[in-house]
Amino acid sequence: MDWHAQHGKWTLSSSDDDDLIPSKSPYLNQRKKVDDSISSWALSDSDEDHDNAKGQSSEQKDLPPKSATSRPKPKKVKVEERPPSPHGRTYYIDEPDDFFETSLPPVNDIYRFYLNKVTGLDKKYNTGALHIKEILSPLFGTLKESVQFNYCFDIAWMVQQYPPEFRDKPVLIVHGDKREAKARLVQQAQPYSHVSFCQAKLDIAFGTHHTKMMLLWYEEGFRVVILTSNMIRADWYQKTQGLWMSPLFPPLPKGSPETAGESPTLFKRDLLEYLGAYRALELTDWIQRIREHDLSETRVYLIGSTPGRYLGSDMERWGHLRLRKLLHDHTRPLPDEEKWPVIGQFSSIGSMGLDKTKWLQGEFQRTLTTLGKSSLRPDPPMHLVCPVKHLAFVFPAGGSLPYSIQTAQKQLWLHSFFHRWQAETTGRSHAMPHIKTYMRASPDFTQLAWFLVTSANLSKAAWGALEKNNSQVMVRSYELGVLYLPSAFNMSTFPVQKDVFPATTSSTSFPVPFDLPPNRYSSKDQPWVWNIPYTQAPDTHGNVWVPS
């Protein structure tokens, strides 16, 4: 694939992590309905964004007067400020009245894996999906305090998502912003005295605080939500997102031993270890609260990344080596396993190296293909689901897929692994995937050996990379996800659910968020690249894409 012919010659960066620091923001022109107020925008919700690109919104230009006659200027009416969004102001259509009225998921749901609600879909595709207002509603508990771990925040919008009766309850924000971006975040919170901050330490260059998690402390107990959405409005309406919501964890009896309330998956130990890695006083009370609750009902495994260089047994604590360890210890080899493809689906791509033998197959694919203690290391098919540059989703949503031309041109070999995003099974083919999932499927795609939903994109920064002759692993970012293994559910494999929605009854089939099998890119397909222009054909909303 050659972008040179269509877009001229591009200067390549020498940095291995150039995709992590976009220096220019694209802007949006509309061909059909030109609106001066959205003629430009700055990237505000990209996953691997640079500090200075985040949280900025375009200023609305003054519209020309309707007539030339002079008249006194009327006083400007103060309007409610919308959160910064790359989607422009016409994006903010009010959701339909019944958007929050579709039935909630079954309380005895086996997997507790949910997609978010998406505007513009047939009602059945939102039945059993969750919106943030529902997650924070009294239906799930009487909230006393909460913590929001995330990458990108709009605090005014976030506060409005809490129901009125909980809106002044203390909220701790865990973020990775520094300098100017941190100052902007603190400024946003000034009107809200109940909001406080915890800055995650990012000591390794190009790392981000990318974890997305809620800790919810109720009068009735405690709950954990691990998700893929940023804490901004644009992520909760027209994108495909996923989340795991824990059961309600009850308090332990007073005087319970330290080991009480543990799950068979050691989720409690691993969550405490993850929170401890922040080395933050602000999280001390929360660590103690978790110790005092019974997390024994948890059936998923926690997979986190925290920045650092790790040696010896510590190498298996985080990132893809943590995933490898769990797959080694808790799965079994399968007949014809070399025919079971591994599937990775993500919204951003880092630098993989000069060829597939470096990190992708040398490290990451070896992890994904681990099944039990088998010494067999087959080379099964690897399908990477990456949105193609076509009209399936509106261009503005592409700001959340920051795959740069500089990185793409250095690894054209990667594109032979690419498959299209198609999600008719969940009604979300046109809802840009910000969700990140990884799985191992049977050759006929009816069974799963395991499934992972996480914040981690396809990058060494997120998953870690081996160094010094494989004697240490280096991780740049904070990430968090949950791994589903059949053994934790007394199953040998997960059956793939064919009709995910409406999700009105509990099922032992697993609700994969996109269509299986994924379709390989055609010879004409190109991956979405966010920092080149797409002007020859507008998207379905009449937008063209022009990097400024």
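1. Cysteine 152 is buried, with a relative accessible area of 3%. The cut-off for buried is under 20%, so cysteine 152 at 3% qualifies. Keep in mind that this is a predicted model.

2. Now take another cysteine. Cysteine 198 has a relative accessibility of 0%, and it also counts as buried. How many disulfides does the structure hold? The number is zero.

3. Next, the overall picture. The protein chain has 548 residues, and 59% of them count as buried. Its secondary structure comes to 10 helices and 22 strands. Its accessible surface is about 23200 Å². Carbon and sulfur atoms account for 51% of that surface.

4. Look at the contacts too. Take those in the protein chain with a separation of 6 or more: 78% of them involve residues 24 or more positions apart.

5. Which residues does UniProt list for "active site"? The record, an unreviewed entry, gives His210 and His434. They are spread over 225 residues of sequence, yet they cluster in space. The largest C-alpha distance is 12.7 Å. Such annotations may be inferred rather than shown by experiment.

6. Where do the two histidines sit? Histidine 210 is in the loop between β5 (195-199) and β6 (213-218). Histidine 434 is in the loop between β15 (432-433) and β16 (437-441). Are they buried or exposed? Histidine 210 is buried, with a relative accessible area of 0%. Histidine 434 is buried as well, at 0% relative accessibility. Both sit in loops, and both are buried.

7. Turn to charged pairs. The whole structure contains 11 salt bridges. One of them joins the side chains of arginine 279 and aspartate 203, at 3.9 Å from N to O. Arginine 279 lies in the loop between α5 (267-276) and α6 (284-291), and aspartate 203 lies in the loop between β5 and β6, so this pair ties together parts that are 76 residues apart in sequence. Both arginine 279 and aspartate 203 are exposed.

8. Histidine 210 is buried, whereas aspartate 203 is exposed.

9. Now follow aspartate 270. Aspartate 270 forms a salt bridge with arginine 269, and their closest N and O atoms are 2.9 Å apart. Aspartate 270 is buried, at 6% relative accessibility. Arginine 269 is partly exposed, with a relative accessible area of 42%.

10. Aspartate 270 also meets arginine 322. The side chains of these two form a salt bridge of 2.6 Å, N to O. The pair links distant parts of the chain: arginine 322 is in helix α7 (residues 319-330), aspartate 270 is in helix α5, and 52 residues separate them. Both arginine 322 and aspartate 270 are buried.

11. Finish with helix α8, residues 360-368. Its buried residues are Leu360, Glu363, Phe364, Gln365, Thr367 and Leu368.

Methods. Residues are numbered from 1 along each chain as its sequence is written. This is a predicted model: local features need pLDDT of at least 70, side-chain atom pairs count only at pLDDT 80 or more; totals for chains, interfaces and linings use all residues. Side-chain values use heavy atoms; hydrogens and water are left out. Buried means under 20% relative accessible area, exposed over 50%, partly exposed in between (1.4 Å probe, protein chains only). Helices (H or I, at least four residues) and strands (E, at least two) are DSSP runs, numbered from the N terminus. A disulfide is a pair of cysteine sulfur atoms within 2.5 Å. Contact means heavy atoms within 4.5 Å. Accessible areas come from the Shrake-Rupley method with a 1.4 Å probe; for residues, only the protein chains shown count as cover. A salt bridge is a side-chain nitrogen of Lys or Arg within 4 Å of a carboxyl oxygen of Asp or Glu.
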